[in-house]
Amino acid sequence: MSDVTTTVHTDHQDHAHPPGLQHHFTNMTQQFEAAKLGMWLFLVTEVLLFGGLFVGYGIMHSKHPEAFVAAHHHLDWRLGALNTIVLLLSSFTMVMGVWAAQTGQRKKLIAFLLLTIILAMVFMGVKYVEYSHKFHEGLLPGKFYSHQGDTVPGQFMFFSFYFMMTGLHGIHVLLGIVAILWITFRAWRGHFSAQYYGPVDIVGLYWHLVDLIWIYLFPLMYLIS
Amino acid sequence: MADAMTPTAAHSHPDYLSENKGLWNWLTTVDHKRIGLMYLWSVATFMIIGGLLALVIRLELLTPKQTIMSAELYNRAFTLHGAIMTFLVIIPAIPAILGNFALPLLLGAKDVAFPRLNLASLYVYWIGAAMAVSTLLLGGVDTGWTFYTPYSTTTGGGVSMMVLAAFVLGFSSIFTGLNFIATTHKLRAPGMGWFQLPLFVWGMYSTAIIQILATPVLGITLLLLVMERVFHIGIFDPQLGGDPVLFQHFFWFYSHPAVYIMILPAMAVMSEVIPTFSKKSIFGYKAIAFSSVAIALLGFLVWAHHMFVAGMSLFAGAIFSFLTFFIAIPSAIKVFNWIATMWRGSIDLKVPMLYAINFLLIFTIGGLTGLFLASLSTDVHLHDTYFVVSHFHYVMAGSNMIALLAGLHYWWPKMYGRMYNNTLATIACTLIFIGFNATFLPQFVMGSRGMPRRYYNYLEQFQTMHVASTIGSWILAAGLFLALATLLASLRKPKDAVPNPWNGRTFEWEAGSPPITHNFEHTPVCIYSPYDYRENPVPIAEEEKSAH
Ligand SMILES: [Cu+2]
């Protein structure tokens, strides 16, 4: 470290810290980029997690095509389509929220985040209606399947995957609601500004993934033939 | 990487061990060094538990019939040994201990990118560990650590709990990997490009890629297994229209890459220790760096070599066999590069270097015996014999453990600021080498003669080799115990380590021994290549100019 004095940074206490900057980052850009990279990596793990289920679904579907087609007639594609629209809308309000954060408009940010939460809750509401209908008819996974009058055997397998995949997705929606509530709270407390809005951006990324997974789930569950 | 820090630099801060003492401060710390040490002692605890189980198993196998326990207990003992050693010891060992401790230091950073996530990974590890141990109260697990269906979906006991434990532990591994990738991308010291990264960092980075890409697939596989047990969803049950072999495909799609989660970090340690004690630039820097990445990616294409006898087409078998041979190439490249580094170096046989040579021998035996298992025709003969057991103990257990010990003896002065007793540590290293080979070389022989793995009773003709193997396990245990005692004994002395006891070139040796909480009094700047051991090191910038 011979010519160390020319470029060295002095100790962390010496420069003034902008609010929200953690001690081990040099500046806000570095921190923001690190967080964003971390989120993308997390999304990769999410895609692979669901990917395993998609592969399992694909293999079982190809083994039992008639049972899967017969079973999917128990789903109401209109409710699925409604939920697709609801989630797409919520992705849009999330984008608007991030935009409001970037431009430092606190009130708009809070409004868009609340709107996103409401749409997410509508999604869960529709899901509740669908699930209770299935419970009622005994269209349940594995050994709990008790639906009467099936002409094609083996339909329980479809519902095994239906509940695992939409269930895991539903858990992600719930976690998303919690995350958006958390940033809404922080926005309300005035934590964010045009200089510091990383958490909003990152929760937004997560929310888009939740939306994206549903866009794959919808045709796979409701529209097979 | 740069000259040693001017000794006059005022140490105005206390070191990270002396600052904020007390249990509560340790449990809430976000300091990567403290988290690394907490991982060290957690993993060491489970290594002792898993090791004691191994001793018990070897003791049972001393005689062909019952020796000390029933067959049921024996099944549970080897399952618990395998599960603890795989999920709680080998996978976290080097990344979570040495990686957490050294990676930010090697990069010249103050911490990992997400310190709180790092602490969370430790807590998740503890939760997973508690779940794994709790299976003992639920009647144990007797499936083997691979949880093969259909046995695992029909047997009783704590299978679901153990499987969920492995699922939870996966998150801990993902958090660590995610942190290392983001840290390497964003927190390198000024002037440090990708080809000035110490090779340990390249190894950790490649490991992290596998942790990110493979662990979620294991997670979902294990969840499916639990679902099958609880709901009979049908996917792995042939009676319900499922396919039990599908589990094996899913499982090995993770678990083959996972063996590289175990070996790449070991190789990463070698790439630091060997140049430091050979006093020579590493031979083939880029070859070593890229072979790590190549291993990480190729590792995803070979999983079905575990299933040559599980029913697959000859064509598929031939392809997986070929790919498996292919992945041996980057490993061999590394070994040749390390040997070339030592060639004409001035080798200093300090304890970490002894372990490194130990590693080279053990890893070479393990790697070469893998080729017999990769070949279709010989694998049919050797499948599920002690040959396999011995092979994977050489590459997974021995190589990983010895590399961990190499790294631990290498960075111990940095971790605790103390030098250990050189003589005792050398004796321990020798005992470990003798004990390990005495335990596992006989297993190659009896495996090739048809001794099946996981058997409780065996034919009289195998007893001599089983006895040899059991005696070996005692020598190995004595060696490990001596190594641990030697390291612990050093903690009773006052701090006596200088910042750079081995004359290393990487950044961590510019920090104090032990470093301050924020690692460096001044952010280091990367001026020289990390392995420039020439008399007068040439700055990277000048070297690049003269290259044009
Ligand atoms: Cu493999």
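Predicted model: local features only at pLDDT ≥ 70, side-chain atom pairs only at ≥ 80, totals over all residues.
## Chain A

Chain A contains seven helices and zero strands. In sequence order its elements follow the pattern α-α-α-α-α-α-α. The radius of gyration of chain A is 23 Å, whereas the globule rule gives 17 Å for 225 residues; the value is well over that expectation, so chain A is more spread out than a compact globule. Along the principal axes, the C-alpha trace of chain A extends over about 80 × 45 × 25 Å.

Over all chains, the structure holds 10 salt bridges. One of them pairs Asp201(A) with Lys36(A), with the closest N and O atoms 2.8 Å apart. Asp201(A) belongs to helix H7 (residues 198-222) of chain A and Lys36(A) to helix H2 (residues 28-63) of chain A, so this pair ties together parts that are 165 residues apart in sequence.

## Chain B

Chain B comprises 16 helices and zero strands. Its radius of gyration, 23 Å, is close to the 24 Å that the globule rule gives for 548 residues, so chain B is as compact as a globular protein of that length. Taken along the principal axes, the box filled by the C-alpha atoms of chain B is roughly 70 × 50 × 45 Å.

## Contact between the chains

The size of an interface is often given as the accessible area lost when the parts come together. Here, the area buried between chain B and chain A is about 3,800 Å², and carbon and sulfur atoms give 71% of that area. Three residues, Lys110(B), Lys186(B) and Ile220(B), supply 15% of the area that chain B buries against chain A, which is more than any other three residues. The contact draws 48 residues from chain B and 43 residues from chain A.

One salt bridge is counted between chain B and chain A. The side chains of Lys186(B) and Glu33(A) form this salt bridge, at 3.2 Å from N to O. Lys186(B) is also among the three residues named above for their share of the buried area. Between chain B and chain A there are eight residue pairs in polar contact, with both residues at pLDDT 80 or more. On the side of chain B that touches chain A, the elements giving two or more residues are helix H4 (115-134), helix H6 (159-186), helix H7 (199-231) and helix H8 (244-278) of chain B. H7(B) gives the largest share of this side, with nine residues. By class, the side of chain B that touches chain A consists of 31 nonpolar, nine polar and eight charged residues.

## Helix geometry and helix ends in chain B

Helix H14 (residues 422-448) of chain B has 27 residues and should span 39 Å at 1.5 Å a residue; its end C-alpha atoms are 39 Å apart, which agrees. The N-terminal end of H14(B) is capped by Asn421(B), a side-chain oxygen of which lies 2.9 Å from the backbone nitrogen of Thr423(B). Just after H14(B), Gly450(B) adopts a positive phi of about 105°.

H10(B) is followed by Arg344(B), which has a positive phi near 65°.

## Backbone exceptions in chain B

Most residues other than glycine have a negative phi, and most peptide bonds are trans. Phe147(B), which is not a glycine, has a positive phi of about 50°. Phe147(B) is located in the loop between H4 and H5 of chain B. Pro150(B) is placed in the loop between H4 and helix H5 (151-154) of chain B, and a cis peptide bond with omega of about 5° joins Thr149(B) to Pro150(B).

Ser513(B) and Pro514(B) are likewise joined by a cis peptide bond, with omega of about -5°. Pro514(B) is found in the loop between helix H15 (463-490) and helix H16 (540-547) of chain B.

Methods. Residues numbered from 1 in each chain as written. Chains lettered and ligands numbered in written order. Heavy atoms only, no water. Contact = heavy atoms within 4.5 Å. Buried area = accessible area lost by both parts, 1.4 Å probe. Salt bridge = Lys/Arg side-chain N within 4 Å of Asp/Glu carboxyl O. Polar contact = N/O pair within 3.5 Å; in protein donor to acceptor, adjacent residues only side chain to side chain. Helix = DSSP H or I, 4+ residues; strand = E, 2+ residues; numbered from the N terminus. Nonpolar A, V, L, I, M, F, W, Y, C, P; charged D, E, K, R; others polar. Expected span 1.5 Å × (residues − 1). Rg over C-alpha atoms; globule rule 2.2 N^0.38 Å.
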